[in-house]
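This report goes through selected features of the model displayed below.

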Amino acid sequence: MKVRNAGREDKVELMMTPMIDIVFQLLIFFIMTFKIVAPEGDFNIKMPLNAPSEGLPDDNQLPPMKVRLRATASGRLAGIQLGQRTLPDFKALQMQVRDIVGDDRGPGSVAASTEIELDCDYGLRFESVIDAITAVSGYVASDGQNIVKLIEKIKFAPPRPES
C-alpha cells in the first residue's frame with residue numbers, strides 16, 4: 001500500500017480576503033442599523049463629594065428655600081407658601097423666586113448655588129407639582145426666544161401622610 005504525501009508536508013493557507021470582507025460587511029450592517037436616541041430628559045444631578053468641604057460658606061449662597069404646596073381632599077391645589085409667605089398662584093411664586101435670586105446668571109451666581117425644597121401634600125395632583133417646578137426653575141424671557149434659568153437644584157421633602 002502506497003501512502004500519498006509521505007515525505008512532504010502540504011501547508012494549509014488561510015484565505016484572509018473573504019474573512020476581511022465578512023468583517024467589513026458585519027461592521028457596515030451594525031453601523032447602518034444603529035439608532036441614535038435622544039436623551040429623554042436633562043437630569044442635572046450632582047453627586048456629593050466624599051467629605052464636606054471645610055471653610056466658610058459662600059456669601060452668595062442662600063439658605064435653602066422651602067415651598068409648601070397644600071392640597072384639598074380632592075387633590076386640587078389649596079395653597080402655596082414660600083417660607084412663611086402665602087402666595088395666590090404660581091406666577092406670584094415665580095416672581096418671589098426672581099426677586100430672591102436676582103438677575104445674575106452663570107457659574108458662581110446666586111442662582112447656581114440656591115436650592116429649593118418642595119414640600120407637597122400626599123394627595124396633591126401631579127400637575128400642581130409640575131407647575132411648581134416650572135415656576136421655580138425658569139421662565140421665557142420677554143423676547144419670547146430665550147429661557148432664563150432660575151433655580152436648578154430642586155429637591156422634595158419626604159411625603160406627608162394623608163390626613
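Which residue in strand 4 does arginine 68 stand opposite? The residue opposite arginine 68 is aspartate 119. The model is predicted.

Five strands make up an open sheet, with mixed pairing and the order 3-2-1-4-7. The edges are held by strand 3 (85-87) and strand 7 (153-156); each has a single partner strand, so one side of each is left without a neighbour in the sheet. From one strand to the next, the twist averages 25 degrees.

Strand 1 (residues 65-71) pairs with strand 4 in the parallel sense, and five bridges connect the two.

Aspartate 121 is found in the loop that runs between strand 4 (115-120) and helix 4 (126-137). Its relative accessible area is 17%. The cut-off for buried is under 20%, so aspartate 121 counts as buried.

The side chain of aspartate 121 makes a polar contact of 2.7 Å with the side chain of arginine 68.

## Surface patch

A nonpolar patch on the surface is formed by Leu14, Met16, Met19, Ile20, Phe24, Leu27, Ile28, Ile31 and Met32. Together these residues have about 970 Å² of accessible area.

One of the patch residues is methionine 19, which is placed in helix 1 (residues 16-33). Methionine 19 has 43% relative accessibility and therefore counts as partly exposed, the class between under 20% and over 50%.

Key. Residues numbered from 1 in each chain as written. Predicted model: local features only at pLDDT ≥ 70, side-chain atom pairs only at ≥ 80, totals over all residues. Heavy atoms only, no water. Patch = residues over 30% accessible without salt bridge, like charges linked within 9 Å, V, L, I, M, F, W, Y side chains within 5 Å. Areas by Shrake-Rupley, 256 points an atom, 1.4 Å probe, with all protein chains shown as cover. Salt bridge = Lys/Arg side-chain N within 4 Å of Asp/Glu carboxyl O. Helix = DSSP H or I, 4+ residues; strand = E, 2+ residues; numbered from the N terminus. Buried < 20%, exposed > 50% of the residue type's maximum accessible area, 1.4 Å probe, protein only. Polar contact = N/O pair within 3.5 Å; in protein donor to acceptor, adjacent residues only side chain to side chain. Pairing = 2+ DSSP bridges. Axes fitted to C-alpha atoms, helices over the stretch in contact; angles between N-to-C directions.
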